Amino acid sequence: MKNITKILAIIAIIILILVGAIYYFLTPSEKLDLSSTNKENRVVTTEDLLKGASIDTFKVLNNPLRLEGKINVSDETVQNLVYTIMKKSDMENVEYSDIQVVKNRIKIVSPYKVLGFIDSQYELYLDLGVEKDNLVATLNDFKIGKIKVSNTIIKNVLKKYKSTSGLKVEGNKFIVDKSNIYPMLVKKVDVKDNIVILNVEVEAENVMEFLKNSKIGVIG
């Protein structure tokens, strides 16, 4: 009888240790403070994106004749753009997500319940780029609590999120079709000092239409 009691006690201790370890690893090092989260994020259109930007340099190129320049997009506008992508893809808890431009990446933190009852949060980073003239946000460094999730698992999870008109979910990438920002063509994306810089081109016949519709400031 004593042996059984000892065995049960050992099993109980092991279970408690395992539960404690799971709780520890699912608890983030820095928990999101919802009271300080930016809840003013809103769904934006391409026009909104351009209105919140400014061209700091531009020049006219030949063969073919076109306008080339750099558009600086503010931190707030980037947050709204990422919020729009998440919202259209039906990602959970998007209303309570904290979205920030951190150094050369976009950081997203959002509350998440593991197994439906363990309060945790996920943290991820988006790396911006261009593929085949389409704007691409690649999801990397995904963590739930303190646990890092592999890209293979991320790709499998993202399969449940939907692609919509102009927005495609492919692997761990969110792809914004180039038709959404016509007549502007994004050639390169840089993130510096919490500002997203779009290197763009506009064909000559579309320059006046582009400047009129975007209503962005031109400096130079």
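1. Let me start with K148, which is exposed, its relative accessible area being 60%. For the wording here and below: buried means under 20% relative accessible area, exposed over 50%, and partly exposed in between (1.4 Å probe, protein chains only). K148 meets D141 in a salt bridge, 3.6 Å from N to O; the term stands for a side-chain nitrogen of Lys or Arg within 4 Å of a carboxyl oxygen of Asp or Glu. D141 counts as partly exposed, because its relative accessibility is 30%.

2. A word on the ground rules. This is a predicted model, where local features need pLDDT of at least 70 and side-chain atom pairs count only at pLDDT 80 or more, while totals for chains, interfaces and linings use all residues. Residues are numbered from 1 along each chain as its sequence is written, and side-chain values use heavy atoms, with hydrogens and water left out.

3. Back to the charges: the salt bridges number 7. One of them joins R105 to D127, with the closest N and O atoms 2.9 Å apart. R105 sits in strand 4 (residues 105–114) and D127 in strand 5, so this pair ties together parts 22 residues apart in sequence. Strands here are DSSP runs of E, at least two residues long, and helices are runs of H or I of at least four, both numbered from the N terminus. R105 is buried at 19% relative accessibility, whereas D127 is partly exposed at 22%. R105, D127, D141 and K148 are linked in a network of salt bridges.

4. Another salt bridge joins D133 and K187, at 3.4 Å from N to O. D133 is in the loop between strand 5 and strand 6, and K187 is in strand 10 (residues 184–192), so the two tie together parts 54 residues apart in sequence. D133 is partly exposed, with 23% relative accessible area, and K187 is partly exposed at 41%.

5. Now the rings. There are 3 aromatic pairs in the structure. Y24 and F25 are edge-to-face, because their ring centres are 5.2 Å apart and their planes stand at 75°. The rule: rings of Phe, Tyr and Trp (its six-membered ring) pair if their centres lie within 6.5 Å; planes under 30 degrees apart count as stacked, over 60 as edge-to-face and the rest as tilted. Y24 is partly exposed at 48% relative accessibility, and F25 is partly exposed at 41%.

6. Y122 and F142 are a stacked pair, 5.6 Å centre to centre with 20° between the planes. Y122 belongs to strand 5 (residues 118–131) and F142 to strand 6 (residues 134–144), 20 residues apart. Y122 is buried at 7% relative accessible area, and F142 is buried at 16%. Ring pairs link Y112, Y122 and F142 into a cluster.

7. V169 has F174 in strand 9 as its bridge partner. The two strands form a hairpin with 2 residues between them, and G171 in the turn has a positive phi of about 65°.

Terms used. Pairing = 2+ DSSP bridges.
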